Protein chains: 2
Amino acid sequence: MHDVAARAGVSQPTASLVLSNHPHARVAPATRARVLQAAADIGYQPNVVAQSLTRRRSFALGLLVPDVRNPFVADVITGAERVASEAGYAVLLCDQSTRGVAQHLEVLRARQIDGVLLGAVGARDLPADALAGVKVVLIDELSDQWPSIASDALAAGRLAADHLLSLGHRELAYVGPASDMHAFRMRERGFTARLRAAGIALESRRLQRDWPTMEGGRDAMRRLLTGGARPTGIFCANDLMAIGALKTCLRAGLALPRDVSIVGCEDIELARYVTPELTTIAIPARELGARAARLLLQLIEDAPQRVSATRLLPVRLVARGTSGSASQEMTS
Amino acid sequence: MHDVAARAGVSQPTASLVLSNHPHARVAPATRARVLQAAADIGYQPNVVAQSLTRRRSFALGLLVPDVRNPFVADVITGAERVASEAGYAVLLCDQSTRGVAQHLEVLRARQIDGVLLGAVGARDLPADALAGVKVVLIDELSDQWPSIASDALAAGRLAADHLLSLGHRELAYVGPASDMHAFRMRERGFTARLRAAGIALESRRLQRDWPTMEGGRDAMRRLLTGGARPTGIFCANDLMAIGALKTCLRAGLALPRDVSIVGCEDIELARYVTPELTTIAIPARELGARAARLLLQLIEDAPQRVSATRLLPVRLVARGTSGSASQEMTS
DNA sequence: GGGTCTTGCCAATACGTATTTGCACCCCAT
DNA sequence: ATGGGGTGCAAATACGTATTGGCAAGACCC
C-alpha cells in the first residue's frame with residue numbers, strides 16, 4: 001500500500017481511505033481516481049493479516065465437524081463453505097478425529113477467529129468455558145445456551161414410525177448412536193413416542209446403539225438378528241447405519257422389503273445407490289450448513305442481535321425400496 | 001503479552017523471547033521461570049495474527065478440492081488435515097464449486113497463506129501466474145512444474161485390464177470423466193494399453209466420458225447399454241461412476257457379474273456396501289493427502305529443498321462381487 | 001585495578017493496515 | 001478585509017508480536 005500511495009503521490013493513510021472505501025471518507029474525486037489507478041497498475045492486494053490485526057477481525061470462521069467422510073457432514077460443509085466464501089470469509093476446517101473440541105477451540109481462538117460453526121457436536125459435551133467469548137452457532141442441535149439451526153428431528157422419528165406402522169409392522173426396532181446429540185435423541189424420541197401411542201413398547205434388545213457408521217449399523221443389525229424375535233421394521237437414526245444394517249440383512253439371506261423393512265434418516269445421496277434403494281427421512285443437510293453460516297455471519301456483523309429465531313427445518317419421508325408391507329412376510 | 005511481561009516484572013520483548021522459546025535466547029533461568037509462571041497464571045494465549053504479521057508466516061495451508069462430497073476427496077482431506085493440524089497449521093478449505101481455482105488462490109494469497117494443496121485439479125488447468133510465488137503440492141497429479149504426490153494410476157488401469165482379461169472378457173469398455181487430470185488419463189491409458197497388448201482395440205462407442213459422479217456413471221452406462229454390442233467387462237475410472245453404472249445395470253435387469261462385470265477404481269468405503277460389492281482398484285487416498293501435506297510442510301519449513309522425490313504410491317486390485325468369469329455369461 | 005568478554009535485559013523498530021487528529025487552505029459571508 | 005466554516009489531506013498513533021542493537025553489570029584476565 002505504501003507503493004500505491006507513493007505512486008499516486010499521496011500518503012499511506014489516504015490510500016487506505018480510498019482502498020478501504022470508507023463511508024465518511026472525504027477524498028477528492030481526482031485523488032481517489034489516482035489511487036485506484038495506481039493500485040490497479042501495480043496489482044495491489046491487501047494483506048488480510050494486517051487488516052485482521054488492526055480491525056480485530058480475521059474474516060475467518062471455524063468449522064468443527066466430527067468426520068469429513070460422513071456424507072451428511074460433507075453436505076453440511078458444502079452449504080456452509082459456499083455461504084462463508086461468498087461473504088468473503090475463509091473457512092478453517094477442524095476435524096474432531098485430529099483433536100478434541102476444546103483443543104480446536106483454543107487454536108481457533110488464538111487465530112482470532114470471528115465465529116465457529118459446530119457441526120454434529122452434542123451440546124452437553126461442549127466445554128462452556130472454552131466457548132466463552134466465541135460467537136458460535138450449532139448445527140442440527142438445540143440448546144438454550146447457544147444459537148443453532150436444526151432440523152425437525154422429532155418429526156423425522158415420527159414419520160419413520162408412522163410409515164412403518166401404516167405398512168402394518170408391529171415388530172419394530174430402533175438402531176442409533178449412543179450420541180447425546182439433540183438430533184439423534186429426538187429422532188429416537190419421535191419414533192418411540194409414536195410407537196407408544198400405537199400401543200407398542202420397544203424392548204431394550206430392540207433398541208440397539210452403536211457408532212453412527214456403516215460398521216456400527218452392521219454390528220447393531222447382527223445383534224438384532226441373533227437376539228431372537230427378529231423385528232420386521234427397523235428405523236435407523238442415520239443412513240450410514242441403515243446401509244450397514246441393510247447389507248447385513250442381505251448377507252444373512254434376508255430379502256428386503258419382504259423379510260424386513262428398513263427406514264434410514266438423512267437421505268444422503270448414497271441412499272439411492274444401494275440395492276434396494278433406501279427408504280429414508282430427508283434432512284436438508286446443505287440447507288442446515290448454509291443457514292447456520294448465515295446466522296453466524298449475522299451475529300458477527302449485525303452486533304448482538306441475539307434473536308436467533310431458531311426455526312426447525314422441515315423433513316420429509318422418501319419412500320423407496322427397503323420398506324414394504326408387513327403382510328408380505330406373512331403371505332410369502 | 002504486555003500483561004504477562006508486567007506481571008513477571010520484565011519488558012515485553014523479554015517475555016517474547018521466553019514465550020517464543022527462541023534458540024539463541026539468553027535469558028536467566030529465574031527470569032524465564034517468572035515469565036512462564038505469569039503466562040500460566042493469566043492464561044496467556046499468543047495472538048497468531050500478530051505473529052503472522054511479523055514473521056510473515058500464517059501457519060495456514062490452503063486445501064483446494066473439487067468437491068467435498070466426493071468420498072475419495074473426503075479421504076484425502078482427512079489425511080491432509082490430520083498432518084497439518086498436528087504440525088500446528090490451520091487448513092483453509094476451498095471448494096471449487098464456490099469459485100474458480102484462480103480466484104481461490106487470490107484469496108489465499110491475500111491471507112498470506114504458507115502453501116497450498118491442490119487436490120484433483122488438472123495440471124493443465126492451472127493458472128501458472130496465479131501460482132507465482134506460492135508453494136504448492138499437487139495431489140494425485142504429475143507435473144514437471146510443481147511437486148506432487150501421486151498414485152500409480154497407470155498400474156491401476158493395467159490391473160483392471162489384466163483382471164478382466166484373465167476372467168476371459170474380450171468385449172470391454174471404459175467409463176471415465178472428461179477430466180484432464182493425470183490420474184484419470186493414466187488409468188485410461190494403462191487400461192487401453194493392456195487391451196492393445198492383448199490384441200483388443202477399444203471402439204469409440206465403448207469409451208464413454210461423463211462427469212465423475214454416480215449420475216455420470218449412470219448416463220455413461222445407459223449409452224453403453226443402448227449402443228448395441230453390449231460389453232461384458234467395464235472399467236470405470238472411479239468408484240462413483242462404477243456405482244452409477246452398477247445401479248443402471250441392475251435397473252436394466254442385468255445380473256452382476258453374470259451378465260456384466262464392472263471394475264471400479266479408488267476403493268472408497270462405499271464400494272463394500274453396494275450389492276454386489278464392487279471390485280475395484282484401491283488407491284490410498286488418505287495416504288495421498290497425508291504425504292502431500294508432509295511434503296508441503298517440508299517445502300515451507302526446510303527451505304528450497306526442491307527434491308520432491310515424487311514417488312508413486314502403490315495400488316492394488318480388490319476383487320469383490322461385481323467381476324466374474326466371462327464364460328458364466330456364455331453358459332447361463 | 002583497569003581492560004576485555006560475557007551475560008541478561010530493555011529500548012527501539014518493524015510488520016502492513018486502519019483510524020484519529022490536526023493542520024493547511026479556500027470559499028463565503030459579514 | 002476579516003473571521004468562520006468547510007474541505008482535503010498528512011502526521012501520528014495503534015494493533016500484538018518478533019527482532020535487532022545496545023547498554024549496563026558482572027566475570028575474568030594480566
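The paragraphs below go from the single chain to the pair of chains and then to one helix contact between them. The model is predicted.

Chain A contains 12 helices and 12 strands. Its radius of gyration is 26 Å, well over the 20 Å that the globule rule gives for 332 residues, so chain A is more spread out than a compact globule. Along the principal axes, the C-alpha atoms of chain A fill a box of roughly 90 × 35 × 30 Å.

Within the chain, one helix pair can be examined in detail. Two packed helices are described by the angle between their axes and the distance between the axes. For helix α2 (residues 12-19) and helix α3 (residues 29-41) of chain A, the angle is about 90° and the axes are 10 Å apart. Because an angle of 65 to 115 degrees counts as roughly perpendicular, α2(A) is roughly perpendicular to α3(A). On the α2(A) side the contact is made by Thr14(A), Ala15(A), Val18(A) and Leu19(A). On the α3(A) side, Thr31(A), Arg32(A), Val35(A), Leu36(A) and Ala39(A) take part. By class, this contact of α2(A) with α3(A) has 6 nonpolar, 2 polar and 1 charged residues.

How are the two chains related? The same surface serves both copies, since 100% of the contact residues of chain B recur in chain A.

The contact between the chains takes 40 residues from chain B and 41 residues from chain A. On the side of chain B that touches chain A, at least two residues each come from α4, α5 (71-86), β2 (90-95), α6 (101-110) and α10 (239-251) of chain B. The largest share of that side, 9 residues, comes from α5(B). The residues of this side of chain B divide into 20 nonpolar, 9 polar and 11 charged.

Helix α4 also meets its counterpart in the other chain. The axes of α4 (residues 48-55) of chain A and α4 (residues 48-55) of chain B come within 9 Å and cross at roughly 135°. That angle makes α4(A) oblique to α4(B). The crossing of α4(A) and α4(B) is left-handed. Here Val49(A), Ala50(A), Ser52(A) and Leu53(A) meet Val49(B), Ala50(B), Ser52(B) and Leu53(B). By class, the contact of α4(A) with α4(B) has 6 nonpolar, 2 polar and no charged residues.

Notes. Residues are numbered from 1 along each chain as its sequence is written. Chains are lettered from A and ligands numbered from 1 in the order in which they are written. This is a predicted model: local features need pLDDT of at least 70, side-chain atom pairs count only at pLDDT 80 or more; totals for chains, interfaces and linings use all residues. Axes are lines fitted to C-alpha atoms, for helices over the stretch in contact, and angles run from 0 to 180 degrees between N-to-C directions. Helices (H or I, at least four residues) and strands (E, at least two) are DSSP runs, numbered from the N terminus. Angles under 35 degrees count as roughly parallel, over 145 as roughly antiparallel, 65 to 115 as roughly perpendicular and the rest as oblique. A crossing is left-handed if the near helix is turned anticlockwise from the far one by less than a right angle, and right-handed if clockwise. Two residues are in contact if their C-beta atoms, placed from the backbone, lie within 7 Å. Ala, Val, Leu, Ile, Met, Phe, Trp, Tyr, Cys and Pro count as nonpolar, Asp, Glu, Lys and Arg as charged, and the others, Gly among them, as polar. The radius of gyration is taken over C-alpha atoms; the globule rule is 2.2 Å times the number of residues to the power 0.38.
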